[in-house]
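Dear colleague,

Please find below the structure that I am handing over to you.

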Amino acid sequence: SGENRKIPIPTMDPDVETLADDDALAGDGGEADRFEAEAEAELLRDRFRLAVINIATSEGKKAGMEVAGPVIACIADLAFKSAEQLAKDVELFAQHASRKSIRMDDVILTAHRNEHLMGKLRTFSQNLKGKEPCTGKKRKKTSKKDDNLTVI
């Protein structure tokens, strides 16, 4: 039928740190590390998905709309896949520049096909730089000669 059915959306406990017991990790070092990494990745996916679900639900309420469960699940999956691709692109840009760390310029570069987004990212970056604490660099001292000048 054409009626909208509500689909329960899974929630998770934000205080959960790991998904596995220490006993489950008792294998050889490589297998245990791989299992732990997979569990951590799954936890991150779940938390990301939950955040997107909360945002989509909240924005729907603000607009006076109820967003169907399958739509929210689709949005969450698309957002996660987009974030994964963004992470890969940013990593490649940093590697291309022979760096091991990612800089804001790398993030801005990922938006090169979307001028509006690129402009927003640049503005955001500049605002962050303006809020950074002083780096401790010394300013040049003005000379006594400059202090005695009178501006007319």
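Predicted model: local features only at pLDDT ≥ 70, side-chain atom pairs only at ≥ 80, totals over all residues.

Residues are numbered from 1 along each chain as its sequence is written, and side-chain values use heavy atoms, with hydrogens and water left out.

The structure holds 4 salt bridges (a side-chain nitrogen of Lys or Arg within 4 Å of a carboxyl oxygen of Asp or Glu). One of them joins Asp77 to Arg49, with the closest N and O atoms 3.8 Å apart. This pair links distant parts of the chain, since Asp77 belongs to helix α2 (residues 69-96) and Arg49 to helix α1 (residues 29-62), 28 residues apart. Helices are DSSP runs of H or I with at least four residues, numbered from the N terminus. Asp77 is partly exposed at 39% relative accessible area, and Arg49 is likewise partly exposed at 25%. Here, buried means under 20% relative accessible area, exposed over 50%, and partly exposed in between (1.4 Å probe, protein chains only).

Within helix α1, Glu59 and Lys62 lie 3 residues apart, about one turn of the helix. Their salt bridge has its closest N and O atoms at 3.2 Å. Glu59 is partly exposed at 42%, while Lys62 is exposed at 66%.

Asp106 also forms a salt bridge, with Arg99, the closest N and O atoms being 2.9 Å apart. Asp106 is buried at 3% relative accessibility, and Arg99 is buried at 17%.

Yours sincerely

Notes. Helix = DSSP H or I, 4+ residues; strand = E, 2+ residues; numbered from the N terminus.
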